[in-house]
Amino acid sequence: MHVHRADWDGLIVDRCDPADALVIEVPIKPSPRGGSGTFLAADAEGAQWWVKPLNNNQGPRVIVTEAVVGMVGRLIDAPVCETTIVQLPPEISGWEFRPGSVIEPGFAHASQNVSGVQEDRSLLFRDRDDNSKRHVGVIALYDWCWGGDDQWLYAEPKDRQIYSHDHGWYLPETGPNWSAATLEARVDEEHLPMWKTNGLDEAEVSRIAAALRGLTRQAIAAALAGIPTSWPVTDLELESAGWFLECRSGAVADRMDLLGGEL
């Protein structure tokens, strides 16, 4: 799909910090793994979230990428974890989520806790649950959003149902370091992962391809406009990300149509 970068000029407007963000009330425990310092916490209703704050140990831009990929993943109904922007109130500031790192008030990225999961860096269990469908979305999202730092969750109580999560190192190059220039340099390159594609659900391949082709510029822009203004990304950078995703959507759909056998 040929899209001029100028077509996106001025499309990301009226960004703001969300007035209705979920408030995290109780920090529970730090994550035992990962380099960012994500911590488990609960909101007022008792729902649990893995929270990644601006002052995480991998840098504030990580949560921008996390939010962008989660938002656009839902546009094509990819099997991403439910994510949202949450507010960290002054009442919980000072809680140490990693040695030497404490909660600071502000807005953070959160991924809803999925119970009974195991994390793995391999794409597994295609024959379990409805993973023959869910793997299609994982592959499409990886190509479309230039995936990196491969890792997935497998929910044991749901017959190892797969979830795509922790997208902080998606987008070229190396996640938080993406810029208008790096997006432009990679926009026309395929980024299919080197995973087996046999056993994928053919109907889901067709659905995902159609979803990518049916994406509108307005839908992508609306999603990206949800990034808080207090986060370290400009409107121009988000417009470049939107342009990158719109440009790639048709080519990724074509590559999905051709899936079969092994990559």
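Modeller: A disulfide is a pair of cysteine sulfur atoms within 2.5 Å. Please keep in mind that this is a predicted model.

Biologist: With that cut-off, how many disulfides does the structure hold?

Modeller: The structure holds zero disulfides. Cys145 illustrates the reasoning: its closest cysteine sulfur belongs to Cys247 and is 13 Å away, so the two are too far apart for a bond.

Biologist: Is Cys145 buried or exposed?

Modeller: Cys145 is buried, because its relative accessible area is 1%. Cys16, by contrast, counts as partly exposed, at 47% relative accessibility.

Biologist: Which residues have the most contacts inside the largest nonpolar core?

Modeller: One looks for buried nonpolar residues joined through their side chains. Here the largest such core has 60 residues, and Trp144, Leu212 and Met256 have the most contacts inside it. The helices α1 (61-75), α2 (131-144), α4 (202-214), α5 and α6, together with strand β9 (152-155), each supply at least two of its residues. Helix α6 gives the most, with nine residues.

Biologist: Which residues does Met256 touch?

Modeller: Leaving aside residues up to four places away in sequence, Met256 touches Val136, Ile139, Ala140, Val205, Ile208, Ala209 and Leu212. There is also a second, separate core of twelve residues, which includes Trp49, Val51, Val86 and Leu88.

Biologist: How should I read the packing of two helices, and at what angle do α5 and α6 cross?

Modeller: One takes the axes, then the handedness, then the residues that meet. The axes of α5 (residues 217-224) and α6 (residues 235-257) come within 10 Å and cross at roughly 140°. This crossing of α5 and α6 is right-handed. From α5, Arg217, Ile220 and Leu224 meet Leu238, Ala241, Gly242, Leu245 and Glu246 of α6. The residues of this contact divide into five nonpolar, one polar and two charged.

Biologist: Let us turn to the backbone. Which peptide bond is cis?

Modeller: The angle to read is omega. The bond from Pro172 to Glu173 is cis, with omega near -5°. Glu173 is placed in the loop between β10 (161-164) and α3 (180-186).

Biologist: What is the phi of Leu171, and where does this residue lie?

Modeller: Phi of Leu171 is near 70°, a positive value in a residue other than glycine. Leu171 lies in the loop between β10 and α3, and it is buried, with a relative accessible area of 2%. Arg160 likewise has a positive phi, near 65°, and is a residue other than glycine. Arg160 lies in the loop between β9 and β10 and is partly exposed, with a relative accessible area of 25%.

Notes:
Residues are numbered from 1 along each chain as its sequence is written. This is a predicted model: local features need pLDDT of at least 70, side-chain atom pairs count only at pLDDT 80 or more; totals for chains, interfaces and linings use all residues. Side-chain values use heavy atoms; hydrogens and water are left out. Axes are lines fitted to C-alpha atoms, for helices over the stretch in contact, and angles run from 0 to 180 degrees between N-to-C directions. Helices (H or I, at least four residues) and strands (E, at least two) are DSSP runs, numbered from the N terminus. A crossing is left-handed if the near helix is turned anticlockwise from the far one by less than a right angle, and right-handed if clockwise. Contact means heavy atoms within 4.5 Å. Ala, Val, Leu, Ile, Met, Phe, Trp, Tyr, Cys and Pro count as nonpolar, Asp, Glu, Lys and Arg as charged, and the others, Gly among them, as polar. Buried means under 20% relative accessible area, exposed over 50%, partly exposed in between (1.4 Å probe, protein chains only). A nonpolar core is a set of buried Ala, Val, Leu, Ile, Met, Phe, Trp, Tyr and Cys residues joined through side-chain atoms within 4.5 Å.
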